[in-house]
Amino acid sequence: MNLRIKISMDIEKIKKANTKYLGKQIQYYKELGSTQDKAKELVNLNVANGTIVITENQIKGKGTKGRTWYSSMGKNITMTIIIYPNCTIDKLDGITLRIAEIMQNVILKLYNIKLEIKLPNDLMLNSKKVAGILTETKILKNEVPQLLIGIGFNVNETEFSKETINIATSLKREYNKEFSIEDIIISFIEELEKVLNQI
């Protein structure tokens, strides 16, 4: 299928990733305010461990320091992964950095593109932000019953506001070609599951 005319994400392809539980259940929305907020609602409905909340168009995405993460329809990765780690909080020490390293390795492996990690939770390309990670936990008596992993990744974005044009970018903006959102997600969750299994 020609990526230039593709509108909807291939959810079934993502479900076929080589994982045991990550991405086997996907809550897909054409448009959503925030995948992170929707994930919090779904946790209360006891959705399955490893469920991914994903949207083609996120209009109130959450970035760092309360900023909004802007994203155009069908151009980027805007998703939240719901995990029930049931471990002590110390087991998740440094988890955001580990997630960033996974994405860094995935992009290097798929496209031979080296992203830089900017602590605490950004991925940079040519000194501009290309992706952000937002991890939120719920803690009960030092135990972590839930972990929400939010990923915002500018993949095929071409439109940037005056406020972001000089500080943000996308893979397409830097390399002038289309990239597969599904392939990135599949490779990412396959590697993420390996890390989570070690916790």
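Student: Over which residues does pLDDT stay under 50?

Tutor: pLDDT is the predictor's confidence in each residue, from 0 to 100. Here pLDDT stays under 50 over residues 1-5, for which the model has five contacts (heavy atoms within 4.5 Å) beyond four places in sequence. The protein chain as a whole averages a pLDDT of 91, and 91% of the residues score at least 70. This is a predicted model, in which local features need pLDDT of at least 70, side-chain atom pairs count only at pLDDT 80 or more, and totals for chains, interfaces and linings use all residues. Residues are numbered from 1 along each chain as its sequence is written, and side-chain values use heavy atoms, with hydrogens and water left out.

Student: At what angle do the axes of α3 and α5 cross?

Tutor: Two packed helices are described by the angle between their axes and the distance between the axes. Helices are DSSP runs (H or I, at least four residues), numbered from the N terminus; axes are lines fitted to C-alpha atoms over the stretch in contact, with angles from 0 to 180 degrees between N-to-C directions. The axes of α3 (residues 95-111) and α5 (residues 181-196) cross at roughly 135° and come within 9 Å. That makes α3 oblique to α5, since angles under 35 degrees count as roughly parallel, over 145 as roughly antiparallel, 65 to 115 as roughly perpendicular and the rest as oblique.

Student: Which residues of α3 and α5 make the contact?

Tutor: Among them are I99, I102 and V106 of α3, and I184, F188 and L192 of α5.

Key
Helices (H or I, at least four residues) and strands (E, at least two) are DSSP runs, numbered from the N terminus.
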